[in-house]
Amino acid sequence: MTIEQYIETTMKESSDPVCAYVYDLNQLRRHAETLKQSLPSFCRLFYAVKANPDQRVLETLGPIVDGFEAASEGEIRKAGRIGSHSILFGAPGKKDREIEAAIRKEVEYINIESFHDLNRVNEIAGNMGAVLPVLIRVNLRKDVPESHHMMAGTPTQFGVDEEDLPLLIQTAEKRKNLVIHGFHFHAMSNNLDAEKHMKFIQTCVEKTKAWREKYNLEVKVVDVGGGVGINYWNPSEPFNWEELAAGITNFEAEMDGLKLILELGRFMTAGCGSYVTEVLDVKTNHQRPFALIRGGSHHLRLPAAWKMSHPFRIHKIEGWRYSFERPGVRQRAVTIAGELCTPNDVLVREQPVEELRAGDVIIFEYAGAYAWTISHHEFLSHPHPDMVYIDRS
Ligand SMILES: Cc1ncc(COP(=O)(O)O)c(C=O)c1O
């Protein structure tokens, strides 16, 4: 089945407007395999569950990735259902029961994000009779490339300030129920520059080697997090993954026995998902054309959150079910808005279209990551979109 076949079949079967997330699991499988095969054996590929925790998505990735990065007890549970995979658990504000769940699930590493986090994880591990391998999440002071969202290189709620690291390591060495196995550096979201990403990885490895030496640690792992981006503004110029994979491969001699961990979210799943919605109305307001769709930012919040136009294509529908004139625009820059009662419910701002009519269907591409999962589904109590899976079986 293709997306277009799904649209045509659904429109024949129901008079309700089309509204669905369509996940192409074949595309996801091929993409994930390509990523995995391009990386050397010293680099482990994890999937950040938060990008899209859909069960079928996780099941598809399960046989391909080295494990899952989980940021809550719920994500630990979802990743745990996929089988005997390595799980990394990290969150800036952890609850005691989450730490207990992570210990019971025998996650491979827990991130430490502050002094209090260190003490709490140590005490809970002690109460449960465990000695935990941990990664210290560091908020670097500099050398973090500029990108859409910055989690490090700037004051944020994430990780331990690089300046506090000596004291934190000293404190950790006095704690009996945790062992430092490495450092975690997730620092940015949606970086589009492969060369800068490689430089960031080099910085993380150099820092880790220096701290290993200076503090005489048994460090094994450098976790550089995710942050590889999707070019929503110009999809024909994507992040140069081949350049990054080659850069990592050529870096083997510098790793000095360390393992590298990537935790990809957006770059793994964005491309497999499409949000497919029917145009309900087309009108002009203050001389500007607007198309209103079934659905909106309560299903796909990303463009409203980032104040951007989401990439889309139009699937034309030739039939028209009413007796009166079909509204539409030709050769205009159109704004595509949703069905909510807020002017923020905009998915596309003044983008040129050849023709767009009520009853046509818009396919929003790159909607497989931080899309449905970050949206406020219950606002206005509209029905949820269908979840549709294109799979070989
Ligand atoms: C700790 C951690 N790892 C990995 C990721 C995934 O990042 P991305 O989706 O940008 O690849 C995130 C996202 O916020 C994160 O917080």
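Helices H8 and H9 are roughly parallel to each other; angles under 35 degrees count as roughly parallel, over 145 as roughly antiparallel, 65 to 115 as roughly perpendicular and the rest as oblique. The model is predicted, so that local features require pLDDT of at least 70 and side-chain atom pairs pLDDT 80 or more, while totals for chains, interfaces and linings use all residues. Residues are numbered from 1 along each chain as its sequence is written, and side-chain values use heavy atoms, without hydrogens and water.

**Exercise 1.** Characterise the packing of H8 and H9.

*Solution.* 
1. Helix H8 covers residues 194-215 and helix H9 residues 241-249 (helices are DSSP runs of H or I, at least four residues, numbered from the N terminus).
2. Their axes are 9 Å apart, at an angle of about 25 degrees (axes are lines fitted to C-alpha atoms over the stretch in contact, and angles run from 0 to 180 degrees between N-to-C directions).
3. H8 passes H9 in a right-handed crossing (the near helix is turned clockwise from the far one by less than a right angle).
4. H8 contributes Ala194, Glu195, His197, Met198 and Ile201 to the contact, and H9 contributes Glu243, Leu244, Gly247 and Ile248 (heavy atoms within 4.5 Å).
5. Five of these residues are nonpolar, two polar and two charged (Ala, Val, Leu, Ile, Met, Phe, Trp, Tyr, Cys and Pro count as nonpolar, Asp, Glu, Lys and Arg as charged, and the others, Gly among them, as polar).

**Exercise 2.** Determine how H6 is oriented towards H5 and towards H7.

*Solution.* 
1. The axes of H5 (residues 96-104) and H6 (residues 115-127) come within 10 Å and cross at roughly 55 degrees. The two helices are therefore oblique to each other.
2. Asp96, Ile99, Glu100 and Ile103 of H5 meet Arg120, Val121, Ile124 and Ala125 of H6. This contact has five nonpolar, no polar and three charged residues.
3. H6 and H7 (residues 165-174) pack at about 15 degrees, with axes 10 Å apart. H6 and H7 are therefore roughly parallel to each other.
4. Phe115, Leu118 and Asn119 of H6 face Leu167, Leu168, Thr171 and Ala172 of H7 in the contact. Here the division is five nonpolar, two polar and no charged residues.
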